[in-house]
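Colleague: Could you take me through some of the helix packing here? I'd like to go slowly.

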Amino acid sequence: MSGKSPCIMWFRRDLRLADHPALRAAAEGGRPVVPVFIRDAVVDDMGAAPRWRLERGLEVFAEALETAGSRLVLRAGPALEVLRELVEETGADTIYWSRLYEPAARERDERVKAGLRDDGLEARSFPGHLLFEPWTVETGQGGYYKVFTPYWKAVKGRDLPAPCPKPDLTAPDRWPRSDRLADWGLARAMNRGAAVVAEHVDAGEAAANRRFGQFVARRIDDYAGARDMLAEDGTSGMSQYLTLGEISPLTLWTRSLDASGEGAETFRKELAWREFSHHLVFHTPHITEENWREEWRDFPWNDDDRRKEVIAWKRGRTGEPVVDAAMRELFVTGRMHNRARMIVASYLCKHLLCHWRIGQKWFEECLVDWDPASNALGWQWVAGSGPDAAPYFRVFNPETQAERFDPDRACRRRWLAEGEAQPTRTALSYFDAIPRSWRMDPGDPVPDRIVGLKEGRDRALAAYEEARS
């Protein structure tokens with residue numbers, strides 16, 4: 001028996017043991033730690049694929065805790081109520097957690113911290129989800145950065161601490177009761193698509209470290225160029241692990257320093273783009289729901305997601321092969337190549353003149369690497385309503401993008417079955433993942449284009465000019 005009051009470690013999107021400042025502080029001096037995950041309204045508001053991926057992450061993390069001599073306690077309900085119940089059951093006098101920065105999480109955490117402190121408890125939040133806390137990166141005038149390039153220049157040379165090692169975990173004298181993860185039904189909304197997506201997901205801290213080790217050893221030198229090629233495995237694949245905190249950005253940054261050259265620096269720049277998205281969400285939280293630029297409030301976007309062109313976009317039936325391939329990759333794997341994300345977003349917002357919120361919500365539903373800050377910034381950057389020096393008149397042409405980044409059509413063949421004499425297994429798996437109510441079949445004819453590329457571009461630019469006048 002330790003004789004010390006336990007610390008409740010409230011896990012959220014930080015499902016790891018290594019480089020975890022809050023967990024290390026919780027375990028300091030051999031204090032017993034009660035690891036807890038709470039299914040609250042913030043969790044229940046997640047889309048189908050993110051909730052499914054969370055279930056996979058929790059399952060693997062619980063196993064890692066068991067191996068470390070601990071366990072994961074699962075509870076459902078409002079966070080403050082649940083934590084107060086756990087304090088009563090365990091005798092804990094401290095509650096620690098890692099900070100999050102989007103509006104819903106911040107509002108919850110501020111309410112929880114105030115309530116626990118009113119109870120006379122020690123309630124503390126720690127860094128770890130980001131490299132740079134948003135309030136520590138300021139312009140020369142003392143404000144926040146609104147453009148990425150100067151933000152990158154401000155942070156790229158900063159000194160950072162070494163990642164902290166895994167702590168030794170001491171179990172409490174008595175464990176509180178725990179819900180069963182299977183009873184939560186987090187994966188239920190995925191329906192038959194869950195089995196298909198599962199083939200493309202390897203969850204957990206060990207998987208993250210394994211994948212990143214392979215990336216540094218084999219691909220980081222070519223990352224600057226290969227990351228844009230749609231059919232190549234040229235990216236790090238770290239986005240799904242970062243969003244659930246199965247690996248820390250500090251670990252990735254530090255290990256990338258072992259490589260030199262343009263590829264390694266480009267990778268760190270991509271980490272900084274993720275940081276920039278959280279920087280903006282912290283300072284301008286409306287970016288997650290509203291146009292970041294107020295002058296875009298009255299832009300004439302379609303905001304009806306029931307229109308036939310929106311349905312065609314979601315189902316990969318626009319008749320634009322690279323767009324359709326990317327949308328099918330999303331449904332089969334739960335992920336989409338970053339270059340493809342820009343192409344499909346531009347096509348929806350500009351060629352189809354649809355509101356970026358339609359695409360943002362669809363990605364919220366379908367991405368296993370969904371991150372509220374990165375998703376919001378990505379959509380607004382492409383749509384033109386976000387922080388970008390050259391916004392609306394950047395219109396990605398799907399044909400030229402495909403010629404440049406999928407020159408041998410390997411990506412399109414991988415994901416499109418219609419019109420192919422021998423469709424690939426990945427292309428056919430799309431029809432196993434989608435709802436039967438969509439009534440799609442690999443033998444269907446190749447769809448006609450729902451809009452001409454020149455027609456769509458001209459219409460988008462004309463709408464932009466009219467809105468400016």
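Modeller: One definition before we start: the expected span of a helix is 1.5 Å times one less than its number of residues. Please also keep in mind that this is a predicted model.

Colleague: OK, so how far does α13 reach from its first C-alpha to its last?

Modeller: Helix α13, which covers residues 262–283, has 22 residues and reaches 31 Å between its first and last C-alpha, close to the 32 Å expected.

Colleague: And is α13 mostly covered or mostly uncovered?

Modeller: α13 is mostly covered, with 16 of its 22 residues buried.

Colleague: At what angle does α12 pack with α13?

Modeller: Helix α12 (residues 249–256) packs with α13 at an angle of about 160 degrees, and their axes are 10 Å apart. Angles over 145 degrees count as roughly antiparallel, and α12 and α13 are therefore roughly antiparallel to each other. The crossing of α12 past α13 is left-handed.

Colleague: Which residues make that contact?

Modeller: From α12 there are P249, L252, W253 and S256, while α13 brings A264, F267, R268, L271, R274 and E275. By class, that contact of α12 with α13 has six nonpolar residues, three charged and one polar.

Colleague: Switching to α18, what covers its buried residues?

Modeller: The cover includes α13 again, together with α14 (308–314), α16 (338–351) and α17 (356–366). Of the 12 residues in α18, 10 are buried, among them W379, W381, N375 and Q380.

Colleague: And its length?

Modeller: α18, residues 372–383, reaches 17 Å from first C-alpha to last, close to the 16 Å expected at 1.5 Å a residue.

Key
Residues numbered from 1 in each chain as written. Predicted model: local features only at pLDDT ≥ 70, side-chain atom pairs only at ≥ 80, totals over all residues. Heavy atoms only, no water. Axes fitted to C-alpha atoms, helices over the stretch in contact; angles between N-to-C directions. Helix = DSSP H or I, 4+ residues; strand = E, 2+ residues; numbered from the N terminus. Parallel < 35°, antiparallel > 145°, perpendicular 65-115°, else oblique. Left-handed = near helix turned anticlockwise from the far one by under 90°. Contact = heavy atoms within 4.5 Å. Nonpolar A, V, L, I, M, F, W, Y, C, P; charged D, E, K, R; others polar. Buried < 20%, exposed > 50% of the residue type's maximum accessible area, 1.4 Å probe, protein only.
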